[in-house]
Amino acid sequence: MTLKRAAFGAVFLVSNADPGVLSMVRESFAASNAIAGSTGLVREVLTTGGLPRFTSARPGDLKPDEVESVALPALRSAVRILRAKAPDELENYRETVLRAGDEVARASDGVSEAESAMLDKIRDALSIS
């Protein structure tokens with residue numbers, strides 16, 4: 001669940017870095033396609049089971065800073081988990097999360113400064129040693 005919460009949280013953060021109702025639909029499809037295009041254990045973990053929860057609030061009540069306080073630490077934890085339990089899947093996970101975030105950012109009117117800054121935070125969280 002940590003891997004899933006981290007990946008979906010990253011997508012949420014990029015999508016909400018430059019919010020818009022119409023772009024949200026395009027961004028959802030872009031994220032879904034990127035995640036569905038993953039392989040191996042990463043695909044299995046990210047495409048099975050229910051959607052992760054970030055707080056006890058309903059999804060529409062979430063604020064990006066609340067998700068950021070959960071998602072970025074979860075990304076760091078996901079790296080540590082994969083490094084310990086499935087090191088051969090770590091790069092696949094990093095690439096999938098970054099591809100999903102990048103596709104979300106590009107889905108509507110190109111990558112904004114806010115989206116680029118959020119992608120940098122995600123990249124940083126995924127690159128911990």
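1. A salt bridge here is a side-chain nitrogen of Lys or Arg within 4 Å of a carboxyl oxygen of Asp or Glu. The model is a predicted one.

2. Start with Glu68 and Lys121. They form a salt bridge, and their closest N and O atoms are 2.9 Å apart. Glu68 belongs to helix H4 (residues 64–85) and Lys121 to helix H6 (residues 113–126), so this pair ties together parts that are 53 residues apart in sequence. Glu68 is partly exposed, at 21% relative accessible area. That value sits just above a cut-off, because buried means under 20%. Lys121 is also partly exposed, with a relative accessible area of 37%.

3. Next, Asp102 and Arg106. This salt bridge has its closest N and O atoms 2.9 Å apart. Both residues lie in helix H5 (residues 90–106), four residues apart, so about one helical turn separates them. Asp102 is partly exposed, with a relative accessible area of 24%. Arg106 is exposed, at 52%.

4. Then Arg123 and Asp120. Their side chains meet in a salt bridge at 3.0 Å, N to O. The two are three residues apart in helix H6, so the separation is about one helical turn. Arg123 counts as partly exposed, at 39% relative accessibility. Asp120 is partly exposed as well, with a relative accessible area of 45%. As background, side chains of opposite charge can pair when their charged atoms come close.

5. Now the core. The largest nonpolar core has 32 residues. Which members touch the most others? They are Val14, Leu75, Tyr93, Val97, Ile122 and Leu126. Two or more residues come from each of H1, helix H2 (21–36), helix H3 (40–47), H4, H5 and H6. H4 gives the most, with eight residues. In general, nonpolar side chains in soluble globular proteins tend to be buried together.

6. What does Tyr93 contact, leaving aside its neighbours within four places in sequence? The list is Leu3, Ala6, Ala7, Val42, Leu46, Leu75, Ala78, Leu82 and Leu126. Leu75 and Leu126 from that list are also named among the core members that touch the most others.

7. Ser15 is a polar residue to check. It is found in helix H1 (residues 2–17). Is Ser15 buried or exposed? Ser15 is buried, with a relative accessible area of 12%; the label applies because the value is under 20%. The Ser15 side chain makes a polar contact with the side chain of Glu27, at 2.6 Å. Apart from neighbours within four places in sequence, Ser15 is in contact with Glu27 and Val104.

8. Last, Arg80. This residue has its place in helix H4. Arg80 is partly exposed, with a relative accessible area of 45%. Arg80 and Leu126 are 46 residues apart along the chain, and 9.6 Å separates their C-alpha atoms. Leu126 is one of the core residues that touch the most other members.

Note on methods. Residues are numbered from 1 along each chain as its sequence is written. This is a predicted model: local features need pLDDT of at least 70, side-chain atom pairs count only at pLDDT 80 or more; totals for chains, interfaces and linings use all residues. Side-chain values use heavy atoms; hydrogens and water are left out. Buried means under 20% relative accessible area, exposed over 50%, partly exposed in between (1.4 Å probe, protein chains only). A polar contact is a pair of N or O atoms within 3.5 Å; within protein, one must be able to donate a hydrogen and the other to accept it, and residues adjacent in sequence count only if both atoms are side-chain atoms. Contact means heavy atoms within 4.5 Å. A nonpolar core is a set of buried Ala, Val, Leu, Ile, Met, Phe, Trp, Tyr and Cys residues joined through side-chain atoms within 4.5 Å.
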